[in-house]
Amino acid sequence: MRKALNFRTGRVVAIVRIGLALALLATAWTTASERSLNGMAFDGMGIQLIAGGYLLLALGIFAVTVLSWWLTHRLRLAAVTLDAAVLLAALALPSLPPPAATGVFMAIYAFIVLGAAIGWPRRGAPVAALVLVAGYVATCMLMPLIHPLPSDFFDWLGPQLLAMIALAGLVIWLGERI
């Protein structure tokens with residue numbers, strides 16, 4: 001048991017990334033019956049492709065993590081960038097109804113901010129949170145240009161944004177204390 005708890009941080013982060021990819025894929029598959037929200041039909045193929053690709057890349061990152069701590073360290077920024085790209089792409093596609101996506105979306109966001117705080121102490125979490133919040137707002141503002149949105153989409157936007165800012169503030173505050 002004690003040996004199982006002696007994982008390097010990179011391995012734990014890689015395992016959590018695989019879990020989040022599986023959660024995103026499971027959410028995409030299980031919400032197939034809920035593909036209509038306020039009269040708007042959702043096509044789940046886009047999110048399933050993103051989640052499947054994310055899972056494959058997460059497994060690849062895990063393999064690298066097991067084989068080489070040095071490569072894990074060198075690929076940390078690329079892995080966080082991958083996580084952020086998946087997060088914003090999942091938001092931009094009209095594949096998941098917003099209530100179904102909220103849990104997975106916030107879990108990936110928390111993972112990115114916490115991972116940045118661990119990987120780059122002092123400035124990692126604020127930079128990651130700022131980039132993600134700005135990307136989230138930009139994506140939400142560009143979404144009506146790409147596809148029509150459900151009428152209650154922007155009712156969901158405000159609380160989500162406030163939760164992102166509050167979580168980032170908490171992680172930054174805790175990071176300063178440790």
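A nonpolar core is a set of buried Ala, Val, Leu, Ile, Met, Phe, Trp, Tyr and Cys residues joined through side-chain atoms within 4.5 Å; buried means under 20% relative accessible area, exposed over 50%, and partly exposed in between (1.4 Å probe, protein chains only). The model is predicted: local features need pLDDT of at least 70, side-chain atom pairs count only at pLDDT 80 or more, and totals for chains, interfaces and linings use all residues. Residues are numbered from 1 along each chain as its sequence is written, and side-chain values use heavy atoms, with hydrogens and water left out.

The largest nonpolar core has 38 residues, of which Leu24, Tyr109 and Ile112 touch the most other members. Two or more residues come from each of H1, H2 (45-67), H4, H5 (98-119), H6 (124-146) and H7 (153-177); helices (H or I, at least four residues) and strands (E, at least two) are DSSP runs, numbered from the N terminus. H5 gives the largest share, nine residues.

Beyond its neighbours within four places in sequence, Ile112 is in contact (heavy atoms within 4.5 Å) with Val80, Asp83, Ala84, Leu87, Ala128 and Leu132. The buried residues of H4 include Val80, Asp83, Ala84 and Leu87.

The whole structure holds one salt bridge, a side-chain nitrogen of Lys or Arg within 4 Å of a carboxyl oxygen of Asp or Glu. Arg17 and Asp83 form this pair at 3.0 Å, N to O, linking H1 (residues 9-30) with H4 (residues 76-92) across 66 residues.

| Residue | Relative accessible area |
|---|---|
| Arg17 | 4%, buried |
| Asp83 | 1%, buried |
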